[in-house]
Amino acid sequence: MNLYSEKYLFFNKLQIIVITLVLMILASHICRAQLGGSAGAFTRMGSGARGIGMGNALTAVSSGNISTYYNPALAAYSEYRAASATFGILSFDRYLNFISYTQAIKPNAGVSVGLINAGVKNIDGRDADGYHTEDYSTTENQFFFTFANRIEDRLSLGVTFKLYYSKLFDEVSSTTVGFDIGIYVQITNNLSLGGILQDINSKYKWDTKAVYDQMGKTTEDKFPNLRRIALAYSLSPKLGTVGLEFQNASDGTNIIRFGAEFNLTENFTLRSGIDRWELHNSATGAKPSFGFSIKNSFNGIVPELNYAYVFEPYSPHGIHIITLTTMF
């Protein structure tokens, strides 16, 4: 097969996949056009200090420490095994933590597993007379498994299966399953394209009969379904990366996010970005962020410390994110 035939087959497959993805986006938009609410907000805050420091604009970034949270198709481009642990410091007694593990499956695939844990503690409980009774807390968890495969050297597809467990109060809890579908295309050596359908079928289902007996009822809180398309550009030679994304959600919101990272030295990187810049609605408040990473290598292991700070609107202070990653 000559070079012309190979290019023809690649772009023919790419055209079919892009058309399929567009049809899925349109179908998802039609089916969920009336969906509102904002359940599962903890899953939309980002994952790890690298992504959060870049304004969460990593959907089309396949270099460095890959995070399949942003696009499951990126798992196919893992070049090493990587384990990460993230600790978040937030206001109003909130907490946000992550753990993940990613590795390549030769020759063309990759997998990732992890957990996102969030919640609120020290909630002041009071009786009908206004006297303090006890402190309450809530917890939300997402367990995920990602698999991706490269159809061509420059094209991959991936899927993430997500199990949600949330406890709201005493015996009121919810366990449900959702999934994401992602695509990644390396257009040129420096320019890449990413797309994702996120939180398909994700929802909470609550049953309050355990608390209110016959007065209780069953309700559903659906997560907004997200459709995201992104571009990333690698600055040569290995100077850094710039990302730009557009996100449409089934709750009617349209968001732009962008970010960049610059490798000042081989072991030190600076990054910055803006997340949740919502079009036609300035009241929500964009979230600027910045961060850095320090790494070193010895005996085939590369530990990396990442930090990010997010300016959070309507909060007494911003968010601190600390991630420790080990690549081996």
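Let me begin with Ser156, which touches Ala73, Ala76, Tyr77, Asn149, Arg150, Ile151, Gly182, Ile183 and Tyr184, leaving aside residues up to four places away in sequence; contact here means heavy atoms within 4.5 Å. This is a predicted model, in which local features need pLDDT of at least 70 and side-chain atom pairs count only at pLDDT 80 or more, while totals for chains, interfaces and linings use all residues. Residues are numbered from 1 along each chain as its sequence is written, and side-chain values use heavy atoms, with hydrogens and water left out.

Ser156 lies in strand β5, residues 155–169, a strand being a DSSP run of E with at least two residues, numbered from the N terminus. Because its relative accessibility is 0%, Ser156 counts as buried (under 20% relative accessible area, 1.4 Å probe, protein chains only). Its side chain reaches the backbone oxygen of Ala73 at 2.9 Å.

I turn now to the pockets. A pocket is an open set of points on a 1 Å grid over the protein atoms alone, where a 1.4 Å probe fits, with protein on both sides within 12 Å along at least five of seven lines; lining residues have an atom within 4 Å of a point. The largest pocket has a volume of about 1,100 Å³, volume being the space filled by probe spheres set on the points. Of its 46 lining residues, Arg50, Ser62, Ser63, Gly64 and Lys238 are the closest to its centre. Strand β10 gives the largest share of this lining, 4 residues.

The second largest pocket has a volume of about 910 Å³. Among the 46 residues lining the second largest pocket, those closest to its centre are Ala41, Phe42, Arg44, Met45 and Arg276.

Methods:
Buried < 20%, exposed > 50% of the residue type's maximum accessible area, 1.4 Å probe, protein only. Polar contact = N/O pair within 3.5 Å; in protein donor to acceptor, adjacent residues only side chain to side chain.
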